[in-house]
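Please examine the sequence and the model shown here.

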Amino acid sequence: MSLLGADNLGIGYPRRRIASSISFAVESGQALAVLGPNGCGKTTLFRTLLCLMPAQEGSILIGGACINTMSPADIARQIAYVPQNAAGFFNFSVMEVVTMARAPHLGWFGAPGPRDREIAMGALSQVSMADFGDREFSELSGGERQLVMIARALASQAKCLLLDEPTASLDFGNRLMVLDTLVALKSRGVAILFTTHAPENARRVCGNDADRTLTISRHGAVTISSTAAALQPKALAALYGIHERVFAQPVA
Amino acid sequence: MRIWSPTKYRFVVGIAALVSLSAMLGALLIGQISLSVVDVFTTLASFTDPQVERSVPFVVISEIRGPRIVAAFAIGAALAAAGAAYQNLFRNPLVSPDILGVSSGAALGAVLGIFLALPLIAIQGMALLGGLAAVAAIYWIGQRIRGHDPVLTLVLAGVVVGSLLASGIALTKYLADPYNQLPTITYWLLGSFAGISKHDLAMALPLMAAAFVVLFALRWRINLLALADDEARALGQNVERLRLLVIVAATLMTAASVAICGIVGWIGLVVPHAVRLLVGAEFSRLLPLSMLVGGTFMLVVDTIGRSIAQIEIPPGVLTAAIGTPVFIWLMAVTFRRST
């Protein structure tokens, strides 16, 4: 049974369909990269999967159950979202940021207890950030922030992570650090969906045979295939609307 | 900067509570009739005894200074709590309880009450209604205008509705009787604790307490409002319902204060902002300390205002005189730290 699946899903708005017939299933320890040009609907797909906007057709399944039958808190306990470039509005500590993920496990008037803090600490260790617990979130580097956001997603104890551009605006070193963390999580049975602008990121995280890459073209055409097939120069050239010759030099 | 440990936080809250109590005691001693510490303690010890002689210290404490001290502390604490909640809600450390037009709405209600020569209790009721109506209108506008950042829409709607209300106040002043009503209106708009009676407190304190219970019960969950809406929703939070609850609670606190003492600015802006720099943004740490600091600050300002000169200096004038330089300093500190 898949952790997260889409069946003939259509995304967009009632008067403007962005993409249709999206079907996939992600299982434990599997990764799915979502590739496509700017504005093709990658973020819309994620927002639909997270129930932040309604699906236009088809259905979304979490652990075999239709998402429409679940409460927002139920969904939050199953799939976790890592937003793009989380800004530090206020001076929360890293630990406080990570503990926020316990919200779907607590009542309206509840506050996290020792057990919740233990889970948050465990999540921080999983991304090798255990020493940063009482540091101020807004003072971290971009890569460290991204790792903390991943730890927050883990602290909700969701088995499936949705990451929107996890490496956007990160330098080379931070990018590798985040990608390697994703690979390590995958090997521990976490299912990972992420959008990316860089095909080489898909190769790095979705390299196994079981992993898949989903592409959405500018006109809403959706393909799902093995990563190797999706990264063929011909396929990439068609996806991004550029000439195949650009790939005479290998990308990564 | 590392965030304070729980032990250090508790220690600081304990110190702040002690400072608050000493400020209350000090405020009981200071005034036109000066009381000694012994007077105050013997009077307080026999306070509930019906046989006690209606001595001068007893009357001063129970009728004049006592209600005024309770009012000043409660209003300072309420404005600081409301400010902390609004700053979290709007993800902006520079907003204050005035941001949603609460103060302007309450002021217009009260000014109209004075203009129509209504009794005091009706003036206060109109202030309360005015504040709540202004926020209801702004929230309604925010709900109708979709497709924008909801927080930005609320702030902008607050600014424009606030200026409309201000012109309503200006019109009322223009039409008011310049010998009787205009001085009352002007005096009231500056804010004053001089006229606060036990009756006023009996009306305002339960409202403030009810609003405080809501904020305190939600003290951890409010943190989720500091996240982007999508993030909070992805954590399973019903953002609209939480935001509405916090707005109603913070507005009730602000409007109840404005109803009994007029407009006192700056506390709701400066106090939570300064406390956040010390203890961090986590609301269950921010709320108690902000309230202690806000209450003490208001009490000290009022005590200074009523004792340094022959005439009383309106607290709004003093909070602005102290608040402006402190705020500029805070801004400089914040910017230096973030660069």
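The paragraphs below begin with conventions and then turn to the packing.

This is a predicted model, in which local features need pLDDT of at least 70 and side-chain atom pairs count only at pLDDT 80 or more, while totals for chains, interfaces and linings use all residues. Residues are numbered from 1 along each chain as its sequence is written, and chains are lettered from A and ligands numbered from 1 in the order in which they are written.

In chain B, helix α3 (residues 56-89) packs against helix α8 (residues 198-217) at an angle of about 30°, their axes being 11 Å apart. The relation of α3(B) to α8(B) is therefore roughly parallel. Helices here are DSSP runs of H or I with at least four residues, numbered from the N terminus; axes are lines fitted to C-alpha atoms over the stretch in contact, and angles run from 0 to 180 degrees between N-to-C directions. Angles under 35 degrees count as roughly parallel. The crossing of α3(B) and α8(B) is left-handed, that is, the near helix is turned anticlockwise from the far one by less than a right angle. Among the residues making the contact are B:Ala81 and B:Ala85 of α3(B) and B:Phe212 and B:Leu215 of α8(B). By class, this contact of α3(B) with α8(B) comprises 12 nonpolar, no polar and 1 charged residues. Ala, Val, Leu, Ile, Met, Phe, Trp, Tyr, Cys and Pro count as nonpolar, Asp, Glu, Lys and Arg as charged, and the others, Gly among them, as polar.

Leaving aside neighbours within four places in sequence, B:Ala85 is in contact (C-beta atoms within 7 Å) with B:Leu215, B:Ile222, B:Val246, B:Ala249 and B:Ala250.

Between the chains, 26 residues of chain A are in contact with 25 residues of chain B. Helix α2 (residues 72-78) of chain A provides the largest share of chain A's side, 4 residues. That side has 19 nonpolar, 2 polar and 5 charged residues.

Technical notes. Helix = DSSP H or I, 4+ residues; strand = E, 2+ residues; numbered from the N terminus. Parallel < 35°, antiparallel > 145°, perpendicular 65-115°, else oblique. Contact = placed C-beta atoms within 7 Å.
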